[in-house]
Each structure stands twice: as structure tokens, then as C-alpha cells.
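Please view the sequence and structure below before reading on.

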Amino acid sequence: MDTSRISSFVSGLWDQEIVPQLMDYIRIPNKSPMFDAQWREHGYMDQAVKLMEDWARSKLPALQGATLEVVRLEGRTPLIYIDVPAQGTNGTGTDATVVLYGHLDKQPEMTGWADDLGPWTPVLKGDKLYGRGGADDGYAIFGSLAALLALRDQGVPHARCVILIEACEESGSYDLPYYVDHLAGRIGNPALVVCLDSGCGNYDQLWLTTSLRGMTGGNLTVQVLEEGVHSGDASGVVPSSFRILRDLLSRLEDQETGKIIPKELYVEIPEQRKAQARKSADVLGTAIYDKFPFVEGMQPTTDDLTELVLNRTWRPQLSVTGVGGMPPLESAGNVLRPKTSVKLSLRVPPTLNGAEAGKFLKQLLEKDPPYGAKVTFALEKDGSGWNAPVLSPWLEETVAQASQDYYGQPAAYMGEGGSIPFMGMLGEKFPQAQFLITGVLGPHSNAHGPNEFLHIPTGKRVSMVVASVVARHFKEATKA
């Protein structure tokens, strides 16, 4: 395989077709169902599916025998299923299957975008494409097909490949298990799973994701009155719903340090992951936290870089991501409010059972409510994390060489703090599969936040790496 030709082919396809397609995709506000309850009526999800479907279909003739179907189970978000048959030397092929995964649904708008940027307005600045969803994870279907097309361009053999693009990952992938079960007979037993929905520590080398945290959370509500009353009359008599809520959160989180208190939400961190965290800290240095837009004078939780990596990848952490029951400042009168609600997002360690963590969290917050207040925790999500199996020697060698070929630097390994429910699901269903988890979400790319961008050179290089890995996988599969 000519890697320079792979580079030229992929780069040209990105420049000529993929970047323009991604710009059109960014314009579509196809928010995940959790953030758009009327997604069916609005039709944005179907628009995004149609955009990707049309482009992918235009490439099927070059992938002889490939088929595409938009699968729609009743009451669920759609899924794009592409089946690319094996391409072997003299047509020999192999029965092994490679699954390439991505998603097309998006996070909501979020505030704070720069004046010349916006979530649904694609803006190309140098090598960065700004807008919601380009990096997380709209590029995945394009990058996956670019890799396979690059192999076909040279006649390089590869195993059968199945591309799965779901539409509710940002809502916890609750539809995906139904599709995996529905398509199980067609998917088969994958030997290699490629996921392009992860992050990278920098844009200088290939980063492989070794673990993903799980996630649980929901809406915590404390109600003390049937309606608001004059604060001058009630304060000191009626306990504040905000104070009670603050007290309940202290059961979960140490307000001084941010450390999660219950031991039930921790796991023993494997020694290999500790060693990888130390190495990542050495490679990245202060870039571990410099990438965040701290206000002047603000510091990270600790100056121990290894501990920061482990906090982000293997320890539970709480974020309060929304508030209800509070009027905006300009409308806030002297009223003791009847209730306060917050949306909680609790990241849990990769090997902790997400469902059990959710049950524990609900019990912790609802039991023995102070003053007899009405306390409810409505659980919204509870996905388990994922810890990668040991890489086969061939895969470790291939990613090392691919990083040198396309980045000119050695590959690096680090866990990610986010969640990709599909990985845990496939890890359970296919324990013998090898996993290549990588992505383009590097420093300042700010997925889920304002000013999200896709670093185009990294998108290209990730596509090139996938081509090399799929090609090498074929060689290994045909040895067996």
C-alpha cells in the first residue's frame, strides 16, 4: 500500500467534497431527541440523514457491491446502515467483519458563541471548520467512506465493512441496542470495531482512546411550597428549597474539593491505565488544562498533571448542567420560591455499572429529605463506560506506524472523560473484537459548547489511519 497515495486521495476528497458536505450538515439543527422532543415534526433529523445518504450513495459504485439502507424502527430515531463487501486479492476476500461507527445527532446550541460564529452557521477559518456537529460526529460517515475509497483506489484488499451511523448518541444511544439486535444477523461477528467519535490530546499525533467513563444523571427537584410567597413573611420559617438542594448535593460531592464522596461510585484503577496517564501527562504538560477557557486567575483542581488525567478519565465527577424554578435576574422579586430543580450529570468510572450507579444516586438523593421536603430525582440516563481490551500486537504495530506515516510522531494512548454507549454495548456483545477508538476532538474544539470546530487536517489524518488499519486487518484475518 502506498501511504503517500492514500494521503493524496483522502486529502483531495476532503477538500473537494467532504468539507462542503459538512458545511451543509452544520446548517441543519438536528438536535438529539433529548433536546428536541418534536424532532419528528421538525424534520431536521431526516434532513441530516438525507444529506449523508445522498453523498454515500454517490460513492457506492466505486465500492462494488456495497449497499445502503436507512433503517427505521417504529418510534425510534433512524440509523444509516452501509454494507461494503470484502475486496480481496483475486476476489478471495475474508469472512471477517469490520464495524465503523459514528453518529449524526447534535448537542443543543449553547450560549457564548463568538459574534462571527454560530451553531448552525458553518464558518471556515484556515484549517478549522466551526459549527455544531462537524467534529462531533458528523465527519464520521465521510471519514469512514474516504478510508475505504482510498483502499479501492489502489486495489488494496480489505475485509467486509459495515458502517453504522446512529441518530441518538447525544441522548445516550437508547435506540441503538434495538438496532443492533434487529441487525445482528446482518452485522455478524465483528473482529474489529472502529469508532471516530472520541478525542485527541493534541493535533500532532494519533491518539487512541483506552477507556471511556460511564454516565448517569437526571433532574433533582426540591419542593417546599405549593406556590411562591413573600420572602419577608416566610424566610426563617419556611426552609429554602435552594438550601435543601445544596444540602442534598453535599451527600454526593465535597463542596470544598469537588471530590465525589460515596465509595460506591469508585473503582480500582488498573495499573496500566495509571502508567498511561503518567505518560500522557508528560506528553501534554499544562495543555491538559490550558485548552480550557479559564477566566483570569482561575486554576485547575490540582497542579498534579497525572491526577488531572485520572480525575478526567477514571474518577467520578459531578456537573450541574441546568437549573429550573428560578426566574431570570431581571424578573426575580422578593419571593421565597416553591421549588428548585437542577439537572445533574455524573460521570462514573469506565468499569462501574451505569445502571447500578443511577439507582444508587436516586436512593442517595431521595432518602430522608430534610424538613420533610418533597424531593424527587427523575433519572434520565444511566450508561456504563468502557475499558479497552489489550491491543493485539498487529494493531499496536499498525497504529504506531500509521501515526508516523501520517503525523510524523509516535502514537499516544489516553482515556476519555466522555461517554460512547455503543462501545460498552459492543464490548459486551463481542468480547473478542479489537477496538480502534480515536477522533478529532482536540484542544479548544469544544464539543457541546460554543465555538465548536473540526480541525480539518486531523480529520484527514484520522481517515488515513483508518485506511491503514483496515488494510492491515485484512492481512491478519487471512493468516488465520
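## The three-stranded sheet

Strands β15, β8 and β16 make an open sheet in the order β15-β8-β16, with mixed pairing. Because β15 (386–387) and β16 (412–416) are at the edges and each has a single partner strand, one side of each is left without a neighbour in the sheet. Helix α9 (residues 271–284) packs on this sheet and touches β8, β15 and β16; the direction of α9 makes about 135° with that of β8. Strand β8 (residues 207–212) pairs with β15 in the antiparallel sense over two bridges, and S211 stands opposite N387 in β15.

The model is predicted, so local features need pLDDT of at least 70 and side-chain atom pairs count only at pLDDT 80 or more, while totals for chains, interfaces and linings use all residues. Residues are numbered from 1 along each chain as its sequence is written, and side-chain values use heavy atoms, with hydrogens and water left out. Helices (H or I, at least four residues) and strands (E, at least two) are DSSP runs numbered from the N terminus. Two strands pair if DSSP finds at least two bridges between them. Contact means heavy atoms within 4.5 Å. Axes are lines fitted to C-alpha atoms, for helices over the stretch in contact, and angles run from 0 to 180 degrees between N-to-C directions.

## The four-stranded sheet

Another open sheet has four strands in the order β11-β13-β9-β14, with antiparallel pairing. Its edge strands, β11 (317–324) and β14 (374–383), each pair on one side only. On average, neighbouring strands of this sheet are turned by 20° against each other, direction ignored.

Strand β9 (residues 214–223) pairs with strand β13 (residues 339–348) in the antiparallel sense over 10 bridges, and Q223 stands opposite K339 in β13. Helix α8 (residues 241–252) packs on the sheet, where it touches β9, β11, β13 and β14. The direction of α8 makes about 15° with that of β13.

## Cavities

The structure holds two cavities of 30 Å³ or more. A cavity is a set of points, on a 1 Å grid over the protein atoms alone, where a 1.4 Å probe fits but cannot get out; lining residues have an atom within 4 Å of a point. Grid points are joined across faces, edges and corners, and a volume is the space filled by probe spheres set on the points.

The largest cavity has a volume of about 70 Å³ and is lined by G201, L284, A287, I288, K291, V309, R312 and M414. Helices α10 (287–290) and α11 (305–314) each supply at least two residues of this lining. The second largest cavity has a volume of about 60 Å³. Of the 13 residues that line the second largest cavity, T210, R273, A277, T313 and G415 are the closest to its centre. Two or more lining residues come from each of β8, α9, α11 and β16.

## A covered strand

How many residues of strand β17 (residues 434–441) are buried? Eight of its eight residues are buried, that is, under 20% relative accessible area with a 1.4 Å probe and protein chains only. In a regular strand the side chains alternate between the two faces of the sheet. Both faces of β17 are covered, with Q434, L436, T438 and V440 buried on one side and F435, I437, G439 and L441 buried on the other.

Strand β7 (residues 192–199) pairs with β17 in the parallel sense over six bridges. The bridge partner of G199 in β17 is L441.

Conventions:
On a 1 Å grid over the protein atoms alone, a cavity is a set of points where a 1.4 Å probe fits but cannot get out, and a pocket is an open set with protein on both sides within 12 Å along at least five of seven lines; lining residues have an atom within 4 Å of a point. Buried means under 20% relative accessible area, exposed over 50%, partly exposed in between (1.4 Å probe, protein chains only).
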